[in-house]
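Please read them with the structure open.

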Amino acid sequence: MAAETVFGKIVSGEIPVEVLAETDRVLAFPDMSPQAPVHILVIPKSTAYENVAELAAAEPETLAEMISVANDLAKEHANGDYRLVFNSGATAGQTVFHVHAHVLAGNLEERSLGAS
Ligand code: 5GP
């Protein structure tokens with residue numbers, strides 16, 4: 001079991017958030033410090049997994065559900081285009097060690113990794 005994180009407290013309701021989507025296994029809410037016009041976090045309710053590789057190995061169906069929820073949210077809150085980011089490890093920028101997808105959308109071209 002991973003150490004308790006702020007996202008565990010969000011799942012338990014100890015820290016309130018605006019729930020944007022919820023399934024039996026997945027929760028989505030706005031990032032408190034948005035880095036794009038649309039910046040939503042999608043997390044598994046399980047607190048067992050620190051990063052996306054652990055989740056993919058143990059519960060690939062939950063990872064697939066996170067991506068499906070992210071896809072739906074990008075259609076609802078933007079034009080359906082989005083970038084999905086999983087920071088994995090402190091030196092890659094991960095600060096919360098409960099696996100989460102950043103769903104970034106809305107005019108990202110200028111900051112695109114693919115921009116020349
Ligand atoms: P990481 O840096 O681990 O990939 O992303 C963690 C994200 O969680 C950051 O973008 C940060 O703004 C967000 N975050 C941290 N604590 C909270 C919180 O209590 N509520 C919300 N909504 N977002 C949070």
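This is a predicted model: local features need pLDDT of at least 70, side-chain atom pairs count only at pLDDT 80 or more; totals for chains, interfaces and linings use all residues.

1. Val 42 stands opposite Ala 101 in β5.

2. Now the strands themselves. Strand β3 covers residues 38–44. Strand β2 (residues 26–30) is joined to β3 by five bridges, and the two run antiparallel. Strand β5 (residues 101–105) is also antiparallel to β3, again with five bridges.

3. Is β3 buried or exposed? Seven of its seven residues are buried, so the strand is largely enclosed by the rest of the structure. The cut-off for buried is under 20% relative accessible area.

4. Which way do the β3 side chains point? Val 38, Ile 40, Val 42 and Pro 44 point one way. His 39, Leu 41 and Ile 43 point the other way. Both sets are buried. In a regular strand, side chains alternate between the two faces of the sheet.

5. Next, the largest pocket. Its volume is about 340 Å³. The lining has 20 residues, and those nearest the centre are Phe 7, Asp 31, Met 32, Leu 41 and Val 96. Two or more lining residues come from each of α1 (6–12), β2 and β3. Helix α1 gives the largest share, three residues. Leu 41 belongs to both stories: this residue is buried in β3 and lies among those nearest the pocket centre.

6. What is the make-up of that lining, by nonpolar, polar and charged residues? Ten are nonpolar, nine are polar and one is charged.

7. For His 102, a polar side-chain atom lies 2.8 Å from a ligand oxygen atom. For Asn 87, an N or O atom in the side chain is 2.9 Å from an oxygen atom of the ligand.

8. Last, a backbone point. Asn 107 lies in the segment after β5. Its phi is near 55°, a positive value in a residue other than glycine. Asn 107 counts as exposed because its relative accessibility is 67%, and the cut-off for exposed is over 50%.

Conventions
Residues are numbered from 1 along each chain as its sequence is written. Side-chain values use heavy atoms; hydrogens and water are left out. Buried means under 20% relative accessible area, exposed over 50%, partly exposed in between (1.4 Å probe, protein chains only). Helices (H or I, at least four residues) and strands (E, at least two) are DSSP runs, numbered from the N terminus. Two strands pair if DSSP finds at least two bridges between them. On a 1 Å grid over the protein atoms alone, a cavity is a set of points where a 1.4 Å probe fits but cannot get out, and a pocket is an open set with protein on both sides within 12 Å along at least five of seven lines; lining residues have an atom within 4 Å of a point. Grid points are joined across faces, edges and corners, and a volume is the space filled by probe spheres set on the points. Ala, Val, Leu, Ile, Met, Phe, Trp, Tyr, Cys and Pro count as nonpolar, Asp, Glu, Lys and Arg as charged, and the others, Gly among them, as polar. A polar contact is a pair of N or O atoms within 3.5 Å; within protein, one must be able to donate a hydrogen and the other to accept it, and residues adjacent in sequence count only if both atoms are side-chain atoms.
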